[in-house]
Amino acid sequence: MLKDSLVMLRDLHGFSQEEVAARIGISRQAYAKWETGATVPDIEKCSMLAEEYGVTLDSLMHAEAPKERSAFSLAPKGKNIWGSVTMNDRGQIVIPKGAREKFGLAAGSRLIALSDEEGIALVPAETFEENMRQMMELASKMYEEK
C-alpha cells in the first residue's frame, strides 16, 4: 500500500517527515497523513515522491511486501531485489524463480560471477560475452583511429 511504501522509503533514505515535505512543497502534517493513510497525495505529488525516492510511480503506488521468490517492487528504477537466498555448505544457492524466469535461466545455464567490494553479481554468460565483444570492437576502432 502507498502509506507503507512512503514509510519504508523515507526510512531507507534516512529522511524525516519534515525533510520529505519540504522537498515536495507540502507541510509535515500533510505528509504524516499520507503515511497513516488518512489522506492520499494527488498524482503530481506522487510523481514528485517517486522521483525523490528514485522509484517508478507504478512501484510506489502498487508496492507490496515481498513474497517468497518474487522481486521486491521498491527497488531503484531498472533494478530488482529478488529477496534473500541461503548458501548451503557446498556454496550452492537457489536463484529465486522470478529471477530465473526474467532472465530465462534453467538447469545448465552458464553464469559469470562478478564482484566488487560490496558483493557478488551473476550475469548470464551470453550477455557478458556479447558486452565484452562489443567493448573489444570499440577499443579496436579507437586504436585504429589513432
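Visitor: What makes the model's values count?

Guide: This is a predicted model, in which local features need pLDDT of at least 70, side-chain atom pairs count only at pLDDT 80 or more, and totals for chains, interfaces and linings use all residues. Residues are numbered from 1 along each chain as its sequence is written, and side-chain values use heavy atoms, with hydrogens and water left out.

Visitor: Which elements does the protein chain have, and in what order?

Guide: There are seven helices and two strands. Helices (H or I, at least four residues) and strands (E, at least two) are DSSP runs, numbered from the N terminus. The order from that end is α-α-α-α-α-α-β-β-α.

Visitor: Why is Phe-128 called partly exposed?

Guide: Buried means under 20% relative accessible area, exposed over 50%, and partly exposed in between, with a 1.4 Å probe and protein chains only. Phe-128 has a relative accessible area of 27%, so it is partly exposed. Phe-128 belongs to helix H7 (residues 125-145). Of the 146 residues of the chain, 25% count as buried.

Visitor: Which residues does Phe-128 contact, beyond its neighbours within four places in sequence?

Guide: They are Ile-112, Leu-114 and Val-123. Contact means heavy atoms within 4.5 Å.

Visitor: How do helices H1 and H4 pack?

Guide: Two packed helices are described by the angle between their axes and the distance between the axes. Axes are lines fitted to C-alpha atoms, for helices over the stretch in contact, and angles run from 0 to 180 degrees between N-to-C directions. Helix H1 (residues 2-13) and helix H4 (residues 43-53) pack at about 35°, with axes 11 Å apart. From H1 the contact takes Leu-2, Leu-6, Leu-9, Arg-10 and His-13, and from H4 it takes Cys-46, Leu-49 and Tyr-53.

Visitor: What makes the space in the largest pocket a pocket?

Guide: On a 1 Å grid over the protein atoms alone, a cavity is a set of points where a 1.4 Å probe fits but cannot get out, while a pocket is an open set with protein on both sides within 12 Å along at least five of seven lines. The largest pocket holds about 670 Å³, a volume being the space filled by probe spheres set on the points, which are joined across faces, edges and corners.

Visitor: Which residues line the largest pocket?

Guide: Lining residues have an atom within 4 Å of a point. There are 20, and the closest to the centre are Asn-80, Trp-82, Ile-120, Ala-121 and Leu-122. Strand E2 (residues 120-124) gives the most, with five residues.
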